[in-house]
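I open this notebook to record what I looked up in the structure shown below.

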Amino acid sequence: MLDLTYDTPKPKVISGATGDWELVIGMEIHAQVSSEAKLFSGASTRFGAEPNSNVAFVDAAMPGMLPVINEFCVEQAVRTGLGLKADINLVSAFDRKNYFYPDLPQGYQISQLYHPIVGEGEVLVELSEGIARLVRIERIHLEQDAGKSIHDMDPHMSFVDLNRTGVALMEIVSRPDIRGPEEAAAYVGKLRQILRYLGTCDGNMQNGNLRADVNVSVCRPGQYEKYQATQDFGHLGTRCEIKNMNSMRFIQAAIEVEARRQIAILEDGGKVDQETRLYDPDKNETRSLRSKEEAHDYRYFPCPDLMPLEIEQGWVDDIAAALPELPDAKKARFMQDFGLTDYDAAVLTAELENAAFFEKAAQGGDGKLAANWVINELFGRLKKDDRAIADSPVSPEQLAGIIRLIKSDAISGKIAKDLFEIVYTEGGDPEAIVEARGMKQVTDTGAIEAAVDEIIAANPAQVEKAKANPKLAGWFVGQVMKATGGKANPKAVNDLVAAKLAL
Amino acid sequence: MGELAKLTIAGARDALRKGEVTAVELTEACLSSIAEAGALNAFVHHTPEIARAQAAAADDRLKAGDAPAMCGIPLGVKDLFCTRGVPGQAASRILEGFAPEYESTVTAKLWEAGSVMLGKLNMDEFAMGSSNETSVYGAAVNPWKGTDGKALTPGGSSGGSAAAVAADLCLAATGTDTGGSIRQPAAFTGTTGLKPTYGRCSRWGIVAYASSLDQAGPMTKTVRDAAIMLGAMAGHDPKDSTSADLAVPDFEAMLTGDIRGQKIGIPREYRVEGMRDDLAKLWDEGAAMLRDAGAEIVDISLPHTKYALPAYYVIAPAEASSNLARYDGVRYGHRATLAQGDGITEMYEKTRAEGFGPEVRRRIMVGTYVLSAGFYDAYYNQARKVRTLIKRDFEQAFAAGIDAILAPATPTPAFALGGMKNADPVEMYLNDVFTVTLNLAGLPGIAVPVGLSGEGLPMGLQLIGRPWEEGALLNQAQVLETAAGFAAKPGKWW
């Protein structure tokens, strides 16, 4: 594999009235575990079901009901931990986080405060070619999602939908290693990519299946380095947590506006209060949700309904052995095996489906060519029709066929584009289409020579001009291509025209 | 017909199998006894239709000859157990009108074995109490009366179960025991109450009080009956992660009557200051009975006993404060009428203030306090450490070769209803001083009636067994029962 080394990106700097400020960001990502059933009940997790139809007795917290751990969700958390190169804790335990809210029927969320299932790991976040931040993961724990409270359906009443109640979430907690809004978005993007590769979370942010709480603080240049050297948070500023964001764009905007808010306070001689805030995208501002004094006292304690979760190393090893190739490895392999550029490899590995499509198309015999065709022609055409790659009318096998025809000089690049359009709109085997429609490139120099002679003979005036100005030879090439219906090998035409004109 | 209700499970089983009596006859006898016993306030929800249908089905099984031991046996069910379609409110106003759509694992096993459900039994609200006086239904009344004729408590929290068994309203009843709620009422009513090892019976479908301590068990007229009934209640349940995946032995077959060579420990820390003379004497007599049966009586020390009660009254309320958070008026049960402008906070506050009685409110507040930031280590964590030490005390005793431990079940015989009205809550909590240690350690324990107090009231002793060895414990208990020959019954006044 390629040994990729990266430079560390520069932190985002905001210039204030009293000097420069740097940003320090840590994130808690709530990722819904991909699983048919909930974390502690057999109820379905299907999105978009009728309200309150995916609810087991335990989800509704009926008296006497007890949680039973869903082994598959545990497996998914372990898989995620392994994918983030993290320590897997063979013994973990569940705790209750107590608070009252109508969409939390038990009056507590079962979570893992004291003994999470996954310990320290890391994520490489690439920002541009050769520049990347290694973000440390502090922990991942399993917990239950809450339901949904609906306040806008009736002027006098609120409604509760418990379909999401009890769905398994992984809370992925980073260290404060992220240094700017773009890095934060890139971190979420990278995490999302890895989770999707692993199949442990679909990463659908719109449906709320991936949400972020962002901790933001600001400090003077140099302070962060002191923190890194000592791990003493005292060197950093007071942080505020912006809750529950499910858009990359909002995450970036919220960090930016929150950092500026904090800087304004500090430069005014004030101090930042540690608190929980919400981002309002309409006004592009963050608002206080609750101060430290108003913070809930969650009264965490070990959940007495569940035994400590013990897993075996052998089981973890089996999951590790079956892990899919992850984005970094795939990208490196694409660069090495197919000679792709960093950029092309990154584009093609962004989504697993794209990478898989590309690899099949590359079986046409030329990886670089396949990359160009997938990125430029296919993606462009799909985008025009607003289609996803899964719905591509051109299969990777068909594209491989087109590439094979280009590679063997059977068709020119220009014809190939026509052929691609035919396959895209009509379907069919590219080779058979080329055969049936006579699209094959003419490489027979005799036939091309005849066409060149004919054009030269018919246009003596042009010949004179071209002799005076060799650049005009292109006109003859164009005429020959036109006469042969574009099928003549362009190089052969060029050579013959030059020779005949004695240029 | 009332005579039939006086049968034991073992006696009824044999008579049913011989065809001397039918399950329908037994059931009708119990139903008429119940109908006469309104003054005891033991049964709070009556299910005669279910009982008659189950009895008829049981008779069919008996006729077919494939009837298990519990087939056709009429039982009462503590209101804490969810039974499908039957009102169940854990004796609390907050579950007013609630009838679960599911059946607890323990009762489902009993009905599968052919037992007959007579109705739901009174108890302390959410099993929090030692006198049955915290019940929304009003207190159950002990069929026993003191010399002064005052109405007595049947104990708690399984007071209705104890009163019903003692008054022969049913052949046996289910109970639950979090800190003594089976053993104390059994001792107060001259009946037998077994708390199995934690994890022996599934907790699924039983309204939770303190999840790490709650355990269901049988309340019966004899030790043999407890052995038979436990066999039907126990077993692994995948729906309860804390239930043990262990085979259920034939407990009755383990009643050999032979305890020769066994070591019975007498814990010196249980001889508390101010212990009543008649209780101390009863304890000595009990020890002598076991010695006479061939056991060796050994003085032992369980040094952390004195910390058990405070640890219990931290851990149990802590868990309860969380377990009872679900009673919020949102989905089922009582919801307060709200005033104009009231929001969700007012709904919670009013609903819970109206729905919970004072003792439940007190424990929720205590539990919330001990779990709160800044107090967690001082109270909850400290209590957990104590719990570990108490467990270790027992483990060391058993490791030293002790087979069972003999102790009093309660500090006093049954006291008068209302007698503790003006007492400090802690005085009521002291009732649990001999019983909570087992719950903290997860051990099995059984209360067996051994004699009468100075006032002519039943008094019981408690045997504490090794974990998962209920069979041996029941055998020791039966030896004690036989030697004590306790045959007194309350005079019928109701």
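Entry 1. I began with a side-chain pair: Ser157(B) and Lys78(B) are joined by a polar contact of 2.8 Å. I count as a polar contact a pair of N or O atoms within 3.5 Å; within protein, one must be able to donate a hydrogen and the other to accept it, and residues adjacent in sequence count only if both atoms are side-chain atoms. A second polar contact, of 2.9 Å, links the side chains of Ser181(B) and Ser157(B).

Entry 2. I noted the conventions: the model is predicted, local features need pLDDT of at least 70, side-chain atom pairs count only at pLDDT 80 or more, and totals for chains, interfaces and linings use all residues. Residues are numbered from 1 along each chain as its sequence is written, chains are lettered from A and ligands numbered from 1 in the order in which they are written, and side-chain values use heavy atoms, with hydrogens and water left out.

Entry 3. I consulted the UniProt record, an unreviewed entry, whose annotation "active site" covers Lys78(B), Ser157(B) and Ser181(B); such annotations may be inferred rather than shown by experiment. These residues span 104 residues in sequence, yet no two of their C-alpha atoms are more than 11.1 Å apart, so they gather at one spot.

Entry 4. Is Ser157(B) buried or exposed? I find Ser157(B) buried, at a relative accessible area of 0% (buried is under 20%, exposed over 50%, partly exposed in between, with a 1.4 Å probe and protein chains only). Ser181(B), at 6% relative accessibility, is also buried.

Entry 5. I located Ser157(B) in the loop between strand E3 (116-121) and helix H5 (159-166) of chain B. Ser181(B) sits in the loop between strand E4 (172-177) and helix H6 (183-189) of chain B. Helices (H or I, at least four residues) and strands (E, at least two) are DSSP runs, numbered from the N terminus.

Entry 6. I listed contacts (heavy atoms within 4.5 Å), not counting residues up to four places away in sequence: Ser181(B) touches Lys78(B), Ala127(B), Gly129(B), Gly156(B), Ser157(B), Ser158(B) and Thr176(B). Partners of Ser157(B) include Asn122(B), Asp124(B), Asn132(B) and Pro185(B).

Entry 7. I turned to the largest nonpolar core, which has 154 residues; such a core is a set of buried Ala, Val, Leu, Ile, Met, Phe, Trp, Tyr and Cys residues joined through side-chain atoms within 4.5 Å. Its largest share, ten residues, comes from helix H9 (residues 308-323) of chain B. Apart from it lies another core, of 99 residues, among them Ile25(A) and Ile311(A).
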